[in-house]
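Subject: Structure for you to look at

Hello,

Please find the sequence and the structure below. My notes on what was found follow directly after.

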Amino acid sequence: MDWNVITEYLPLYWKAMLLTLRIGWIGVALAVLIGLMTAVIIHFRVPVLRVVFKIYIEIFRNTPLLIQLSFLYFALPKIGIKISAEVCGWLGLGLLGGSYMSEAFRSGIEVIDSVQRESALSLGMTNFQVMIHIILPQAFSYSIPAVVANIIFLLKETSVFSAVSLIDLMFRAKDLIGLYYNTAECLTLLVVFYLIILLPVSILGTVLERRLRYASFGT
Amino acid sequence: MQALGLDVLFKGSNFLRLLEGLWKALGISLIAVALSIVLGILFGIVMTVRNPVVKAVCRVYLEIVRIMPQMVLLFLVFFGTTRVFGWNLNAEAASVIVFTFWGTAEMGDLVRGAVTGVPKHQYESAFALGMTKAQAYLTVIIPLAIRQLIPQSMNLITRMIKTTSLVMMIGVVEVLKVSQQIIEANRMSSPNAVFGLYLTVFILYFVACWPFSLLAKRLERKWSN
């Protein structure tokens, strides 16, 4: 292990990590939004949209992100839709994540007792109010373990971005190994930086899950 | 057809080559799935042991697999171990090792969840009916655990098949790589081939994964009540 090499590479990896983090978290935010929207639409059985969103879930759950990104980035320009690599990353991650998140939220919404809904309605709340004030807050807390697992999964999936020539951690490591053959140093840095990204999320997830178990104790 | 680049598919043996590529990816994932199921069940049983040392080791293994992207694991095994230990490893073998390493941990966790998820009163009622331990496990606990386990492991299998698309990054010539080769070869004659081929790959992966998802969903619904 050559420490000079490591200090020399650190800034490069740091920059790559920032890109991974930026795209990763934008993707996660999009995924939560899309997932929430999809879950609510499927829950309320909105006529046409429901079928559209169900098809969307099936398609994105059953294809790899690598293929989705390649399709967005290389194939769509041929029919006149040009998207920059970074936006491809957001979209790919958001759409893939949305299909996973929607399942998580849906099981949360379904678990909330219909008594809650009926009581709120009888208090004179509108359907929309019931959703915002009664159902979603409870559904959220119920689906948190699944959501955290999905976030970790999405942040891990960012490793395929190098395929659409985004200079993320994976790209950086592969590039440096190819240039200078410092395999051991490059791979160690790669592991360390992924740990920096993912370990906090994982720990936070464990803490949240434990707290939630207290919250649901006795029910 | 020409505009969408689908014509390239039917030139020569292109479509057959794509299918061969898909088979290669599927083969890797199926071997890994088979190994993971066997090893995962063992690992799951080990995880239910109450020994703190065993527990800690299992926990660390599980966390490593959970946190490290599969691509990083692939790089570590394919470039890292070969460099450090000086052995030779072809890309397919490295992929099988990595996916088994990953699948075993995930499968083990599912097995553990299924076994510990059986409510305590099921054990107690079985014993109260005068069953022996073997009878209780064989006729009550294991069937209950399997009902929870099978839909979840179906989902895991889908995820493993999807993740095998990454093996292209360490140089396995699977379906995406084959389609890139075809696109390169036909760059001049049909510049739109990239659309048709990537669309085909997209559909091929969907066709490979969807049956498992459907089955998982159906079984889950069937056994939920």
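H2(B) and H4(B) make a left-handed crossing. The model is predicted, and in it the axes of H2(B) and H4(B) come within 9 Å and cross at roughly 120°. On the H2(B) side, the contact is made by B:Tyr61, B:Leu62 and B:Val65. H4(B) brings B:Phe101, B:Trp102, B:Ala105, B:Glu106 and B:Asp109 to it. Sorted by class, the residues of this contact are six nonpolar, no polar and two charged.

H4(B) also packs with H1(B). The axes of helix H1 (residues 14-47) of chain B and helix H4 (residues 91-117) of chain B come within 6 Å, crossing at roughly 40°. H1(B) and H4(B) are therefore oblique to each other. The crossing of H1(B) and H4(B) is right-handed. Their contact has 15 nonpolar, nine polar and two charged residues.

Next, the contact between the chains. Chain B gives 32 residues to it and chain A gives 31 residues. On the side of chain B that touches chain A, the elements that give two or more residues are helix H2 (52-67), helix H3 (70-85), helix H6 (133-163) and helix H8 (193-223) of chain B. The largest share of that side, eleven residues, comes from H8(B). By class, the side of chain B that touches chain A has 21 nonpolar, seven polar and four charged residues.

Chain A has eight helices and zero strands. The C-alpha trace of chain A spans about 70 × 50 × 25 Å along its principal axes. Of the 219 residues of chain A, 39% count as buried. Among contacts in chain A with a separation of 6 or more, 78% are between residues 24 or more positions apart.

Why is helix H3 (residues 65-75) of chain A described as largely enclosed by the rest of the structure? Ten of the eleven residues of H3(A) are buried, so the helix is largely enclosed. The buried residues of H3(A) are A:Leu65, A:Leu66, A:Ile67, A:Gln68, A:Leu69, A:Ser70, A:Phe71, A:Leu72, A:Tyr73 and A:Ala75. Within chain A, these buried residues pack against helix H4 (85-111) and helix H6 (127-157). In chain B, they pack against helix H7 (175-185) and H8.

A:Leu69 comes up again in the largest nonpolar core, which has 110 residues. The residues that touch the most other members of this core are A:Leu69, A:Leu169, A:Ala173, A:Leu190, A:Tyr194, B:Leu74 and B:Phe75. Helix H1 (residues 3-43) of chain A gives the largest share of this core, twelve residues. As for A:Leu169, leaving aside its neighbours within four places in sequence, this residue is in contact with A:Tyr13, A:Ala16, A:Met17, A:Thr20, A:Leu190, A:Phe193 and A:Tyr194. In soluble globular proteins, nonpolar side chains tend to be buried together.

Finally, a residue of chain B. Is B:Ala134 buried or exposed? B:Ala134, found in helix H6 of chain B, has 8 other C-beta atoms within 10 Å. A residue counts as exposed at 12 or fewer, so B:Ala134 is exposed. B:Ala134 and B:Trp223 are 89 residues apart along the chain, and their C-alpha atoms are separated by 24 Å.

Regards

Conventions: Residues numbered from 1 in each chain as written. Chains lettered and ligands numbered in written order. Predicted model: local features only at pLDDT ≥ 70, side-chain atom pairs only at ≥ 80, totals over all residues. Contact = placed C-beta atoms within 7 Å. Helix = DSSP H or I, 4+ residues; strand = E, 2+ residues; numbered from the N terminus. Nonpolar A, V, L, I, M, F, W, Y, C, P; charged D, E, K, R; others polar. Axes fitted to C-alpha atoms, helices over the stretch in contact; angles between N-to-C directions. Parallel < 35°, antiparallel > 145°, perpendicular 65-115°, else oblique. Left-handed = near helix turned anticlockwise from the far one by under 90°. Buried ≥ 20, exposed ≤ 12 C-beta atoms within 10 Å, placed from the backbone. Core = buried A, V, L, I, M, F, W, Y, C linked by C-beta atoms within 7 Å.
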